[in-house]
Amino acid sequence: MKKLVVSLFAFVLMSSALRAEMFSLSFFQNMTDNVFQNRYLEKDQLSSLNFYLDKDFSKFSFFTEGNYVYLHENSGFSYYFHGIGLDYLYPVSEKSAFYFALIGQGAFYRPDYNDFNYLSLNFLSSFKTYLSPTSILKSNYALEYKTYEYSLYDFISHLLDVSFDSYFQTRTTIKAELNWGYKDYLHALPQSQESQAIQIMAVKGLVAQGIGGRVGLNVSGTKQWALSGENPFSSVEEFYMVENPSYDRYSWQGYQISSELTILIPWNIELKMGYTRAEKEFPGIESMDLEGNPLGVIRQDTRAQFEASVEKNFPKFSLFFSYVYIDNHSNDSFFEWQGNFLAVGLEWNMFFGKKK
Amino acid sequence: MEYVFWKEEVRKSFFIILFILAVFQGTVFSQKPDHFYNVDTEKKIRGTIQKIVMESRYKDASPFLIVVLEEKKTEEVYNVEISPVRFFAHDFHKGEELEVTGSLYFKEGEKNIIARQIRFRGEIIMLRDKKGFPAWRGGEMKQKKRRKGKRF
């Protein structure tokens, strides 16, 4: 079966590459002093090689991407990610359109981490309409089915977003968004007889202000509630660039406030700077001391994050640089940490196909 | 628990999708555009958005997002072709300012521009390469899936 899948992947990739309209290849070198994002700092460098290609077929578009990430110090966590999909844009009027996509994804890790190998199927649909020339209503629905090597993590999820934005003559855009999500772990945990489901709801507000033609500023806030259910695992952990199924948007409730400044500096270089503050509580996760003794309180984290990035686009390639600093405080001492994350990258683009 | 059997079903579906894609992509539909990107007519304009619509522009292709732009200096009006999927990726509104670099052509007495690059809200958006080949990379959903370094 594996040989068949590999052969199919190879065939799809080779034939796609030969007929692609757009092909991009990128390389990123990432460095951090805290790859596992906890109090015991561990440095690592991650090299990431990506490709992406797409091809239009009539009103459909086929796309595929691959991403290999190698961890220099913790090579057992290295992985290959692949995504493949088809999408379709269906306009219903001059002012409204639907967008549909069907995407298959997979991640394949080295043996140290291969319990988290997964395959997923995603169906995405969006609707966008102009209610007036200055107001937009959008809604998105995403269905995801994800199956892991270690089946305890298998889940199906539904995510629904509705947003409304309006632009004013003062060059101000105001946006309001409502999110609802439902994630159902498909298998009961050993200590439980029933499968676990988590339901969340979030509201988000954003104010964006244009200042001249070269500066943009936005401030946003998100408040999220866990309506039902809680994390079924004993711990929630994030790793740098390596997905951990215990942590995702369903694992917390709380709030997040962000601000971002975008400036187009001379030579058309894009500079972005942002600051985010978040307070998150992880329902079902009890804080522990460093010896592993439960403290009888739910884990709560407060995080401050500063980030800056620079991007320069040339006709055939783009250059990227980004730096992120995170200061995370938690009532679980293990998650008291600071980290620096640096990335530099090069993306090379090739365009084929017909010149429309 | 009734989902358990899905696991095998979804694995099968995943492979079936792969197979269908392998077959489907072998079929290339021909496109016969009635206008092309002409580098010799390239110009840059800066103006204010007057109207946003979706219109058919190319045979057998999704309708395009068209932004009607009034140039600041001359008050002349241009229909700017953005791309099909940008309708979802960027939220343009009437009254916002855009700087567009693209190829000018005339049709039925109207000035049209096939956009190659736009400057919008302090960002540069590349839509085509210097020769005019499309460089849009799928819709919002695809762009979210792309990985450029770490996302927190």
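Strands here are DSSP runs of E with at least two residues, helices are runs of H or I with at least four, and each kind is numbered from the N terminus. With that numbering, A:W267 sits in the loop between β12 (253–265) and β13 (269–288) of chain A. The model is predicted.

Most residues other than glycine have a negative phi.

A:Q37 has a relative accessible area of 2% and is buried. The cut-off for that class is under 20%.

A:F28 belongs to strand β1 (residues 22–32) of chain A. A:G83 belongs to strand β4 of chain A.

| Residue | Relative accessible area | Class |
|---|---|---|
| A:F28 | 3% | buried |
| A:Q37 | 2% | buried |
| A:G83 | 5% | buried |

A:P283 is 255 residues away in sequence, and the two C-alpha atoms are separated by 35 Å.

Strand β4 (residues 79–91) of chain A pairs with β3 (residues 60–71) of chain A. The two strands run antiparallel and are joined by 10 bridges. Within this pairing, A:F63 faces A:G85 of β4(A).

β4(A) also pairs with strand β5 (residues 96–109) of chain A. This pairing is antiparallel too, over 13 bridges. A:L86 has A:L102 in β5(A) as its bridge partner.

What does A:G83 touch, leaving out residues up to four places away in sequence? Its contacts are A:F63, A:T64, A:E65, A:G104 and A:Q105. Of these, A:F63 is the residue that stands opposite A:G85. A:G83 is buried, at 5% relative accessibility. For scale, the C-alpha atom of A:G83 lies 20 Å from that of A:N140, which is 57 residues apart along the chain.

**Chain B: overall make-up**

Chain B contains 3 helices and 6 strands. Their order along the sequence is α-β-β-β-α-β-β-β-α. The chain has 152 residues, and 54% of them count as buried. Its accessible surface is about 7000 Å². Carbon and sulfur atoms hold 52% of that surface. Take the contacts in chain B with a separation of 6 or more: 51% come from residues 24 or more positions apart.

**Chain B: around β3**

Why is strand β3 (residues 77–81) of chain B largely enclosed by the rest of the structure? Because 4 of its 5 residues are buried.

β3(B) has pairings with β2(B) and with β5(B). Strand β2 (residues 64–71) of chain B runs antiparallel to β3(B), over 5 bridges. B:V68 is partnered by B:N79 in β3(B). The hairpin of β2(B) and β3(B) has 5 residues between the strands. In this hairpin, B:E75 takes a positive phi near 65°.

The pairing of β3(B) with β5(B) is parallel and has 4 bridges. Here B:V80 is partnered by B:I113 in β5(B).

**The second largest pocket**

Rolling a probe the size of a water molecule over the atoms shows where empty space is left. The second largest pocket holds about 260 Å³ of space. Which elements give two or more residues to its lining? From chain A there is β14 (294–313). From chain B there are β4 (97–107), β5 (110–120) and β6 (123–126).

The lining consists of 17 residues. Nearest the centre lie A:N268, A:K312, A:N313, B:Q117 and B:M126. By type, the lining residues divide into 9 charged, 4 polar and 4 nonpolar. β5(B), one of the lining elements, is also the parallel partner of β3(B).

Notes
Residues are numbered from 1 along each chain as its sequence is written. Chains are lettered from A and ligands numbered from 1 in the order in which they are written. This is a predicted model: local features need pLDDT of at least 70, side-chain atom pairs count only at pLDDT 80 or more; totals for chains, interfaces and linings use all residues. Side-chain values use heavy atoms; hydrogens and water are left out. On a 1 Å grid over the protein atoms alone, a cavity is a set of points where a 1.4 Å probe fits but cannot get out, and a pocket is an open set with protein on both sides within 12 Å along at least five of seven lines; lining residues have an atom within 4 Å of a point. Grid points are joined across faces, edges and corners, and a volume is the space filled by probe spheres set on the points. Ala, Val, Leu, Ile, Met, Phe, Trp, Tyr, Cys and Pro count as nonpolar, Asp, Glu, Lys and Arg as charged, and the others, Gly among them, as polar. Buried means under 20% relative accessible area, exposed over 50%, partly exposed in between (1.4 Å probe, protein chains only). Contact means heavy atoms within 4.5 Å. Accessible areas come from the Shrake-Rupley method with a 1.4 Å probe; for residues, only the protein chains shown count as cover. Two strands pair if DSSP finds at least two bridges between them.
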